[in-house]
Amino acid sequence: MTLIPVEEDKKTISGRFRKAHSFAFLDEGQIFVQENLHKRSKSPEFFEYFKTLNIDSIYIKELGYKTFLKLLELGVEVYLVQEADKWNAIKPDTLLLLTMDNAKEYCSLGHHNKKAGK
């Protein structure tokens, strides 16, 4: 099953993953949307919930590098949506699969590029 984070209108792809208003789930040609009840949860609680969703892949607009690593650890393929604003306008052949080779370049959210002050 594929997950797409969406805004409150349930059609616009969210710029955030964990803090998205809702999630659209694509499964065998069917789509359903449900509110993200864990948008305010801390990372460990969010990912405990996420594990229960049985997600194989995620389509996102932006993502942090640490979140990408966590998704990779969970066996989820991460695809970057670059040419669509609404989930129903996504063209699979325009998606970019994020890998360890390109993730640092495309994962722009978060603090992975900041030097530790300790």
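1. The largest nonpolar core in this predicted model has 23 residues. Those with the most contacts inside this core are Leu3, Phe17, Phe50 and Leu71. Two or more residues each come from strand 2 (22-27), helix 1 (43-51), strand 4 (57-60), helix 2 and strand 5 (77-80). Helix 1 gives the largest share, four residues.

2. Leu3 deserves a separate look. Setting aside residues up to four places away in sequence, Leu3 touches Phe17, Phe23, Ala24, Phe25, Phe50, Leu53, Ile55, Ser57, Ile58 and Tyr59. Of these names, Phe17 and Phe50 are also listed among the residues with the most contacts inside the largest core.

3. There is also a second, separate core, made of nine residues. Among them are Tyr59, Val81, Ile90 and Leu95. Tyr59 is one of the residues that Leu3 touches.

4. Thr67 lies in helix 2, which covers residues 65-73. Is Thr67 buried or exposed? Its relative accessibility is 15%, and buried means under 20%, so Thr67 counts as buried. Beyond its neighbours within four places in sequence, Thr67 is in contact with Phe17, Arg18 and Phe47.

5. Strand 2 pairs with strand 3 (residues 30-35) in the antiparallel sense, over six bridges.

Notes. Residues are numbered from 1 along each chain as its sequence is written. This is a predicted model: local features need pLDDT of at least 70, side-chain atom pairs count only at pLDDT 80 or more; totals for chains, interfaces and linings use all residues. Side-chain values use heavy atoms; hydrogens and water are left out. Buried means under 20% relative accessible area, exposed over 50%, partly exposed in between (1.4 Å probe, protein chains only). Contact means heavy atoms within 4.5 Å. A nonpolar core is a set of buried Ala, Val, Leu, Ile, Met, Phe, Trp, Tyr and Cys residues joined through side-chain atoms within 4.5 Å. Two strands pair if DSSP finds at least two bridges between them.
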